[in-house]
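Please walk me through this structure from the arrangement of its chains down to a few of its residues. I am new to it and would like to know how the parts meet.

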Amino acid sequence: MAIGTSRKERIDSLAESSASETGVSLAASAWRRLRRNPVFLVGASIIGLFVLLALLAPVLAPHDPGVRMLADQVSRATNSIPPAQEGHPFGGDQHGRDLFSRVLLGSQQTLLVAVLATVIGLGGGLTLGTLAGAFGGWVDSLVMRIVDVMLSVPSLLLAVSIGALFSSQTQFTVILAVAIVQIPVFARLLRGTMLAQRESDHVLAARSLGVRQRSIVFRHMLPNALGPVIVQSTLVLAVAIIDAAALSFLGLGAADDSVPEWGQMLGNAQNVIDSHPHLAFWPAACIIVVALGFTLVGESLRDALDPKRRR
Amino acid sequence: MLRYTVRRLGQLMLVVLALSVLLFAWLRALPGGPVSALLGDRATPESEAALRADLGLDQPIFLQYWRFVARALTGDFGTSTGVQRGTPALDVFLQRFPATLELAVLAILIAIAVGIPLGYLAARRRGRLLDNLSITWSLVGIAVPVFFLAFLLKWIFAVQLGWLPASGRQTGGIDATRVTGFYVLDGLLTQEWDAALDAFVHLLLPAIALSTIPFAVIFRITRAAVLDVLDEDYVRTARSKGLAGAVIRRRHVLRNAMLPVVTTIGLQTGALLSGAVLTERVFNIPGLGQALALGFERKDFPVLQVVILASAMTYVLVNLLVDLSYAAIDPRIRTR
Amino acid sequence: MALLEVRDLSVVFQRKGEEPFAAVDGISFDVSPGQMVGLVGESGCGKSVTSLAIMGLLPQRGVRVEGTVEFEGKDLLRLSDRELADRRGRDLGMVFQDPLSSVNPVIPIGVQVSEVLERHEGLRRREAALRSAELLDRVGIPDPSRRLKEYPHQLSGGMRQRALIAMALACKPRLLIADEPTTALDVTIQAQILSLLSELVRDTGTALIMITHDLGVVAGMCDEVNVLYGGRIVERAGRHELFAEPRHPYTAGLLASIPRLDAPRGDRLTPIRGSVADNIPWAGGCAFAPRCPNAVDACVERSPEMTRDGERLLRCHNPVGRPAPSEEVPVQ
């Protein structure tokens, strides 16, 4: 009947508009607090700087990072690696490639690894968490047991076990291993906030008005549960970079290193770190600063979105 | 409390069961299948056929799983193919476990001993210099890759300054008696003080490197929890009674603030085991982490199997203990 | 001589980057020994802040407290933290609004009562526990020696509030401040707690400041009632005078919005229109003017002064009933 549906729609849109209104004002007030927060500003500047660097790297880099132009200065016998010299401010790496160009271009791969791993982990976690949080009951129990088991394996061991399933290591297997480790984290987080939403007044109100389950989940529960997930994603961007570096360090990084990535450069530098610490220093410094940038933004986002932390 | 314990033990069994299924599936999903994974390069046609029969690969999958569980229950996880060739995988694990446990325990002790007092002080001096410095420190601590920090510490304090040993668990010349495999504990038990001190000194740098992330987390949770509790109505009630500041802090603030911190400490077990893998490699400590790294390098899946299973079980067990001790502090759980 | 003399008490909250806000704006009142005084008003009128200021329980940062709060001739606002702590719990007791959040969840009830006795009367643990059991018995908690060992979550809301009263009255303070002590409780429990409170303060000769938004609570027990609006006292009178003849339109509005059994059927309740959000600052007139049915031009032109009419104080340009008394209250 027309009247019935139109009333339902009206109430639905009303509930929605009030929800989105509070959403907007929440976001707006969060943004006001963020703009004044020096922690956020420092973090955002760092990220902005490195994204810019990644975009401009092909222009800025003086040399091709894959070409062994200083190979004649490399000697395994005398353990020599090209030092800093005219045209090569950082010198060369173990294979005689220009270190400065590799560090510059490494920003591209490293940011790519971080973003892809986070997106994949987020996608998997959202799917599992939404399933568990939306339906509850046995679906919830099953999903959460799987998540518990995944969480009980220390993250690095889990990543390594996943890496071992591939007969050859590429950048993609690294990304996948790092991403899968984050799935249970996202799933658990989302499920928790969704469950809280399920019991909240606006969802009960929508349910009592006969709004369809699908519309409740996607219009009322999910949007309101996303805040903590966004915060977590920002933090995971940092974790992904560090985890990828750890995998490289354990020898599970991509076998092919013609396209530079900081974690891989750092991992590969371990054998020469005592004699040539600068090979590890530059990629490590970049990793630390970028990871710090993501962490600062994540932390300040968390503070801004959490009403309890407004102090 | 008893019912709570029983229920948590039940959950523990479920997780271990699920873990065994996962591990079983993992072994079968490895490149080359379980036989070549378990035999490594020692494989001969005869040994492959023998193992195939032993695993029951021609039988239905649930029977295979049952055999897997039965073997695991008797401690048979196969023979090491790369880390310590020919040694049963379980023995490899047992020999190396004490080194890792020793390192992890010292690291978490450092993290607790520094993190909780600093978190508490930072909360009380919110917004002042100490607070801002500690927050910065903890944020940087999270951003530094553990193994790079380990290298850095080793380079500064062992290589450049020579204050602390750079690798291993004990100086070669020391004549130490082995009892438990925990070197520091052994030294104390046998009253070989020089050996105990020497083992402890070897632990310091790796433990400090390993403690950074647990420290950062414990510090931040403590700070946030203390801030929350200071705002609670019952602290105002305590002040309205005229109680001395020290009594309010000890009895009313600290105790409540410790509740979330206790849970956090348990959850750090995973980070500790992950970090130990990296730290042990840098400091060349013959523990589980090194076994794991070597295991992957040399494709020693029998050893990996045990290490993964044991790490997960340690994590679950520690968290069970933490939950039980949580219940002991929080009457709302204990008396339910 | 009055037990408590509050003079020109102001509490200004000043947050970084925000306008300072006077939650309490020059309040004066007295409490004599054994007297029961009510502070009444809507939430946000400054009544709770007044009580916290007297107790010295306001946060230290971002708050400015002015005026004097003399207790037995000593200004509490000028005492050191240590001296004030010596008086809290011994001379001054306080009962809070929410009995669940106001007790520590992880400490047995008995310890929370005993700690006051140990602090102020120097009792040993055993003696304090005995006295605590007596106190719990006195506030009507059955089986007190067993309850001593129990935790707050094992008690009902009413029991917890009784325990809080026991803590506040443990050292027989001369002044008890009760801040909305029944708001969080069931209606049936409310009456029990109120009669317990008035019985206890009468027995011990304790003076009481009852803070509430509910005129019904005041009607049952207070000798004198102060009606607060926007951080100022707008009317003060004895209980009977106030209820018989409210003069301030706000007081009248509060009374008219209480349902009465003796009202004729079909009579509608008359709520006060608007909300505290409509207030205008006192500097430019009367804060209540935008919501006031009696508002005249003067109400938005100049701030009304406090005037005396016999025993009654009134801050209004156009009060209910008779015109405003002309005599202004001298500033003490």
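This is a predicted model: local features need pLDDT of at least 70, side-chain atom pairs count only at pLDDT 80 or more; totals for chains, interfaces and linings use all residues.

Chain A and chain C, by contrast, are joined by no contact, and their closest C-alpha atoms lie 11 Å apart.

Where chain B meets chain A, 34 residues of chain B are in contact with 34 residues of chain A. The side of chain B that touches chain A draws at least two residues from each of helix 1 (2-29), helix 6 (129-143), helix 7 (146-160), helix 11 (245-283), helix 12 (288-297) and helix 13 (301-329) of chain B. Helix 1 of chain B gives the most to this side, with 7 residues. Sorted by class, the side of chain B that touches chain A consists of 30 nonpolar, 3 polar and 1 charged residues.

The contact between chain B and chain C takes 20 residues from chain B and 26 residues from chain C. On the side of chain B that touches chain C, helix 10 (233-240), helix 11 and helix 14 (331-334) of chain B each supply at least two residues, and helix 10 of chain B gives the most, with 6 residues. The residues of this side divide into 5 nonpolar, 6 polar and 9 charged.

If neighbours within four places in sequence are left aside, A:Ile287 is in contact with A:Ile241, A:Ile242, A:Ala245, A:Trp262, A:Gly263, A:Leu266 and B:Pro145.

Helix 12 of chain B deserves a separate look. This helix is mostly covered, with 9 of its 10 residues buried; among them are B:Leu288, B:Gly289, B:Gln290, B:Leu292 and B:Phe296. The buried residues of helix 12 of chain B pack against helix 5 (155-164) of chain A, and also against helix 5 (89-124), helix 11 and helix 13 of chain B. After helix 12 of chain B comes B:Lys299, whose phi is positive, near 55°.

Chain C remains to be described. The secondary structure of chain C comes to 10 helices and 12 strands. The radius of gyration of chain C is 21 Å, close to the 20 Å that the globule rule gives for 332 residues, and chain C is therefore as compact as a globular protein of that length. Taken along the principal axes, the C-alpha atoms of chain C fill a box of roughly 65 × 50 × 40 Å. Buried residues make up 43% of the 332 residues in chain C, and of the contacts in chain C between residues at least 6 apart in sequence, 60% join residues at least 24 apart. As for confidence, chain C averages a pLDDT of 85, and 93% of the residues score at least 70.

Definitions and conventions. Residues are numbered from 1 along each chain as its sequence is written. Chains are lettered from A and ligands numbered from 1 in the order in which they are written. Two residues are in contact if their C-beta atoms, placed from the backbone, lie within 7 Å. Helices (H or I, at least four residues) and strands (E, at least two) are DSSP runs, numbered from the N terminus. Ala, Val, Leu, Ile, Met, Phe, Trp, Tyr, Cys and Pro count as nonpolar, Asp, Glu, Lys and Arg as charged, and the others, Gly among them, as polar. The radius of gyration is taken over C-alpha atoms; the globule rule is 2.2 Å times the number of residues to the power 0.38. A residue is buried if 20 or more other C-beta atoms lie within 10 Å of its own, exposed if 12 or fewer, and partly exposed in between; C-beta atoms are placed from the backbone. pLDDT is the predictor's confidence in each residue, from 0 to 100.
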